[in-house]
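Here's a quick look at how the inside of this model is packed.

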Amino acid sequence: MATLGNPQNTIEILQKYQFTFAKKFGQNFLIDPHVLERIIAAANVTKDDFVLEIGPGIGTMTQYLAEAAREVVAVEIDDHLIPILSDTLSAYDNVTVLHEDILKVNINGLAQEKNEGKPIKVVANLPYYITTPIIMQLFESHVPLKSVTVMVQKEVAMRMQSVPGSKDYGALSLAVQYYAKPYLAANVPPNCFMPRPNVGSAVITLTCHETPPVQVTDEKLLFRLIRASFNQRRKTLVNGLTNAPELPFTKEQVIAAVESLGKGVTVRGEALTLEEFAALTEYFVKIRTGK
Ligand code: SAM
């Protein structure tokens with residue numbers, strides 16, 4: 001039975017090990033059982049699932065995951081948490097703790113070894129200082145993923161599910177929506193954590209597409225175009241793409257490409273849908289290959 005996930009038992013563990021929070025690792029531990037149950041429900045974890053947890057902390061959510069899943073691997077960077085995790089997870093024989101930086105873990109290898117290469121579920125209360133790199137690495141390295149259910153800063157959750165024309169719409173919205181369908185499962189106030197973060201949080205479930213909603217010949221170019229369009233948010237799309245050092249196209253080519261969308265040359269990147277970015281990508285691929 002999960003014993004953590006409430007303030008008393010969390011404080012007891014912290015005192016037993018004289019643990020002090022490391023700000024640099026984005027440590028805000030969950031102390032609310034309702035939120036923990038909500039996360040497990042949002043991730044729809046069942047006894048068939050292999051789950052990767054990023055940043056188990058003292059093992060609070062790991063206990064819930066171990067009870068709901070077939071097997072869990074939890075990746076924790078902080079040396080001081082490793083002996084604590086051996087203690088708090090000692091009752092579970094389906095959990096492995098990896099003492100690693102998640103950005104250095106071969107997650108494809110893990111999915112192969114633990115789940116026969118089939119899509120895995122990722123569940124985490126993420127360290128906020130590296131939310132975007134973690135999400136983008138999961139997607140861009142083509143880890144077989146079923147879903148990613150994560151606690152993130154509320155503002156980041158808003159960006160992930162934004163649509164064109166909204167102030168939160170940007171490169172992260174497009175990247176996330178290319179790979180997955182976002183669903184905001186819960187808003188979580190600061191008092192559900194120890195210590196309390198300075199920002200509101202939200203649980204978001206990203207259900208991964210089996211095939212992307214748009215087809216492009218060159219995925220890397222699609223993402224280069226997206227990044228270049230939002231790097232200079234206040235500029236027009238034409239200027240953003242012409243000024244981007246990683247794009248080899250002339251101003252005339254960029255104007256022709258943007259005109260092909262039928263939106264006028266003064267349009268900004270923030271007005272374009274994923275489908276329009278895909279169309280732009282195909283236009284540039286044709287220029288490059290001379291077809
Ligand atoms: N899951 C716990 C909970 O909900 O109470 C802790 C969540 S806390 C927000 C983030 C955790 O991620 C911390 O335990 C922190 O040490 C760990 N962490 C930070 N950076 C990491 C990294 N690069 N790789 C793996 N774990 C990391």
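Which residues have the most contacts inside the largest nonpolar core? They are Leu52 and Leu280, in a core of 67 residues. A nonpolar core here is a set of buried Ala, Val, Leu, Ile, Met, Phe, Trp, Tyr and Cys residues joined through side-chain atoms within 4.5 Å, and buried means under 20% relative accessible area with a 1.4 Å probe, protein chains only.

This is a predicted model, where local features need pLDDT of at least 70, side-chain atom pairs count only at pLDDT 80 or more, and totals for chains, interfaces and linings use all residues. Residues are numbered from 1 along each chain as its sequence is written, and side-chain values use heavy atoms, leaving out hydrogens and water.

Back to the cores: a second, separate one includes Leu30, Ile40, Ile84 and Leu85. Here's how the two line up.

| Core | Size | Some members |
|---|---|---|
| Largest | 67 residues | Leu52, Leu280 |

Leu280 touches, among others, Leu225, Val258 and Leu272, not counting residues up to four places away in sequence; contact means heavy atoms within 4.5 Å.

Among the buried ones are Met61, Gln63 and Tyr64.

Definitions and conventions. Buried < 20%, exposed > 50% of the residue type's maximum accessible area, 1.4 Å probe, protein only. Helix = DSSP H or I, 4+ residues; strand = E, 2+ residues; numbered from the N terminus.
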